[in-house]
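Hi,

Here is the structure I promised to hand over. Have a look at it first, then read my notes below.

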Amino acid sequence: MAQATLPPEVLDDAKARRYSADAAGLGRLRAGAFVAPALALISLFLVFPALWVLYLGLSNYRLTGAAAAAPRLVGFDNFVKALTDPEFWNSTWLTFEFVLGSAVIGQVVLGFLLAWIMRDRTGPLKRIVEGLVILAWILPSAVVSFLWVALLDRDDGTLNTLLHSQDFAPLLDHPMLSIIIFNIWRGAAFSMMLYGAALGNVPPSHLESARLAGASGWQQLRDVVFPHIRGHVLTNLLLISLWTFNDFTPFLLTAGGPDGKTEVLAVHVYQVALQGGELGYGAAVSTVILLINLVVAVFYLRLLRSKK
Amino acid sequence: MRLRNRLMGAAVVVVASGLGLTGCGQSSDGGSGDTIELTIAQNSISGGKNAAAADYITNWVIPKFEAAEKAKGKNVTVKFVPSGVDDEQYKTKLSLDLKSGKGADVFDLDGIWAGEFAEAGYLKPLSDVVGADADNWDGWAQIPQSVQGLATYNGKKYALPVGTDGRVLYFNKTLFQKAGLPADWQPKSWQEILDAGNKLKAAGVPVPIQINAGTAMGEATTMQGVLPLLAGAGGQLQQDGKWTGASQPLKDALGFYQKIYGGSGLGDPKLQQEAKGRDKSFQQFAGNEIGILLESDYLWRGVLNPETGVAKMADRDQSVGYALIPAEEPGKGINGQDFVSMSGGALRAVNPNSAHPKEAFELAAFTLSPDGLKEETKNGNVRITPRTDVNKEILSSEPLLTYISDKVVPLTAFRPPVAAYTQVSVALQEATAEVVSGKTPDQAAADYQAKLEGIVGGAGNVAS
């Protein structure tokens with residue numbers, strides 16, 4: 001991920017040839033020995049669990065009951081069940097809404113706006129704004145969720161008190177909108193910081209020339225700033241899309257309710273695997289989620305590698 | 001086999017931690033030297049859920065038990081592992097602990113989980129885990145057969161029963177007076193409940209009737225909602241080995257939900273959808289906002305209890321009335337009954353993974369000794385204990401529990417003690433959720449039957 005933040009450099013052939021394949025002069029065996037501990041850790045904590053989830057997804061393993069003691073392999077039944085289950089597609093669609101609304105649109109736009117407005121400012125205002133935005137990002141999820149439940153609660157919520165309204169229940173009447181706004185508020189800090197750093201890299205002289213040539217604010221943004229920060233935008237999109245896709249925090253606000261209206265995929269897996277006890281089916285859904293994540297990641301990485 | 005279990009356990013932990021949960025297994029390994037360390041876990045916590053039970057363990061059981069063992073020459077220390085969460089979450093935590101070969105030496109569980117835990121090997125018959133001590137326990141002679149049945153699966157005893165309970169209709173006498181309803185109200189049909197609800201509504205009561213519905217309330221929807229209504233319409237979940245599908249009694253029960261939540265204003269549909277809806281229903285009842293509430297005796301002793309409740313009601317004894325749950329019409333309930341109820345009860349089990357099963361059983365039995373139960377239930381914390389000898393002494397001081405033990409227990413029914421029950425229960429909750437959000441009872445019943453067929457292995461096991 002870290003490499004992706006830098007625009008990839010194209011090495012020409014001659015330059016590449018000057019570096020030997022064995023720059024450190026260790027030899028294949030010793031080099032292998034140096035890499036081995038890292039590979040072992042990756043296999044143990046990344047590859048093995050992934051394969052294990054794949055295996056569980058092919059079984060009827062359960063948290064309780066007879067299938068917990070003696071699980072059977074059931075082939076691709078779980079995958080077929082997931083792909084034909086309207087609840088799974090409902091969750092997938094909700095996750096798509098959640099990622100698009102809160103990350104791709106919400107956090108990116110709000111984060112960029114904040115970074116753009118604050119780019120030339122100094123002094124206490126900037127520090128206060130940045131401090132507050134970052135505070136929303138670094139507080140523990142449980143604490144933040146509790147505060148938002150207290151804000152939006154139907155009976156004695158702060159919002160109802162402020163508006164002098166009765167029975168306004170955002171978490172029940174507009175559950176998706178509630179968690180989208182919550183997640184924009186929560187995650188905008190990351191985009192703001194990343195764009196802030198990126199905007200610092202735009203050479204002032206380019207902006208100066210553009211202004212002298214009579215470019216409007218929008219034109220400067222489009223033709224000078226954006227080409228410079230394109231890599232950062234894509235990297236940011238990649239990271240926050242994947243984070244949001246796998247985010248479990250909505251559960252703390254709505255528990256997937258009311259009636260599954262906010263049951264995004266991460267919550268769906270928790271509900272079927274741990275609350276419902278269907279570990280095999282949950283593992284199958286997890287595998288599908290993994291595949292969707294891969295597709296999203298490959299899509300962004302391709303964009304990033306493609307010509308500017 | 002053992003290795004595979006461990007690997008499975010490891011995978012579960014990986015999945016769980018990937019979802020932001022933390023595994024909280026308690027080691028049951030013995031300590032160094034000849035000190036025996038025991039842990040006991042319950043879904044109770046001092047100052048919160050079931051506070052009286054938690055305080056009883058910490059303040060009485062642990063010191064007394066340690067002293068009693070010391071007198072026998074054994075050095076035993078006991079640690080209490082509290083929880084204060086919804087039963088479904090407690091069950092998940094417990095299953096994960098047991099799956100990974102850990103968990104407290106002695107733990108409480110809902111009786112209805114016994115089947116699936118036994119099938120999974122998380123519980124083993126007491127005589128296998130503990131030996132002859134379990135069968136020779138002097139308490140068994142004091143425990144009625146129906147209560148022993150809660151701890152029995154396929155003819156074997158898997159745990160000690162902690163007690164039993166019963167469900168009634170609670171009503172707020174203050175609100176009833178305002179609506180011109182009698183303080184000794186006893187409806188004889190569902191229509192009379194609705195009539196009372198309409199009077200309460202006319203008198204300006206915010207929520208005239210609360211019958212739990214929806215999935216957020218979990219088992220509380222099934223036990224304090226669907227099942228008493230189903231029994232009142234003459235239906236049973238399972239009959240002669242076959243599960244009941246979209247039967248007329250189920251449609252009647254769902255129809256009753258529709259009359260309350262389908263726009264009549266007698267109930268609050270949104271409350272059924274809230275993540276913490278049941279806790280809110282407690283607060284609203286204590287705050288004189290709910291007229292009629294179907295709940296178990298837990299409401300009386302654990303929620304409204306002026307001393308230790310989670311939603312204390314200082315004038316509980318004066319302003320809360322209770323009535324039997326009527327059948328749909330007189331004589332229409334199961335077995336031709338006029339009134340119905342449902343009962344369950346908790347169990348106290350010895351962990352098959354315990355390093356010291358004998359001492360663990362002694363601890364479990366100690367908590368259910370006559371002296372212990374009397375201590376636990378003193379100061380207004382009376383509940384129906386498993387022991388007849390203790391009940392005789394303590395219940396007379398407590399009107400509601402006398403009522404439940406005299407009037408409700410004789411006509412009550414139990415849930416089918418099979419492993420598939422909890423999944424069927426969720427399907428029932430979903431059926432009520434559909435009605436609350438506007439589907440017809442017929443449609444919800446048909447959807448239930450489709451899910452039921454998937455759970456119990458095909459249409460062949462379902463009768464409609």
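What percentage of the 464 residues in chain B is buried? The share is 54%. Keep in mind that this is a predicted model.

Confidence first. The predictor gives the complex an ipTM of 0.76 and a pTM of 0.80. For chain B, the average pLDDT is 89, and 93% of the residues score at least 70. Residues 1–32 of chain B are another matter: there the pLDDT is below 50. That stretch still has 55 contacts in the model beyond near neighbours in sequence.

Now the overall form. Chain B has a radius of gyration of 22 Å, which agrees with the value near 23 Å for a compact globule because that is what 464 residues would give. Its C-alpha trace spans about 70 × 50 × 40 Å along the principal axes. The secondary structure of chain B comes to 20 helices and 17 strands. Take the contacts in chain B between residues at least 6 apart in sequence: 71% of them join residues at least 24 apart.

Next, the domains. Chain B splits into domain 1 (2–158 + 345–396) and domain 2 (167–343 + 417–463). Their centres, taken over C-alpha atoms, are 30 Å apart.

Where do the two meet? On the domain 1 side, 20 residues are in contact with 15 residues of domain 2 of chain B. Helices H2 (51–71), H3 (87–99) and H4 (114–120) of chain B each give two or more residues to that side of domain 1. H4(B) gives the most, with four residues. By type, this side of domain 1 has six nonpolar, seven polar and seven charged residues.

Best wishes

Definitions and conventions:
Residues are numbered from 1 along each chain as its sequence is written. Chains are lettered from A and ligands numbered from 1 in the order in which they are written. This is a predicted model: local features need pLDDT of at least 70, side-chain atom pairs count only at pLDDT 80 or more; totals for chains, interfaces and linings use all residues. Domain bounds come from an automatic or database domain assignment. Two residues are in contact if their C-beta atoms, placed from the backbone, lie within 7 Å. Ala, Val, Leu, Ile, Met, Phe, Trp, Tyr, Cys and Pro count as nonpolar, Asp, Glu, Lys and Arg as charged, and the others, Gly among them, as polar. pLDDT is the predictor's confidence in each residue, from 0 to 100. The radius of gyration is taken over C-alpha atoms; the globule rule is 2.2 Å times the number of residues to the power 0.38. A residue is buried if 20 or more other C-beta atoms lie within 10 Å of its own, exposed if 12 or fewer, and partly exposed in between; C-beta atoms are placed from the backbone.
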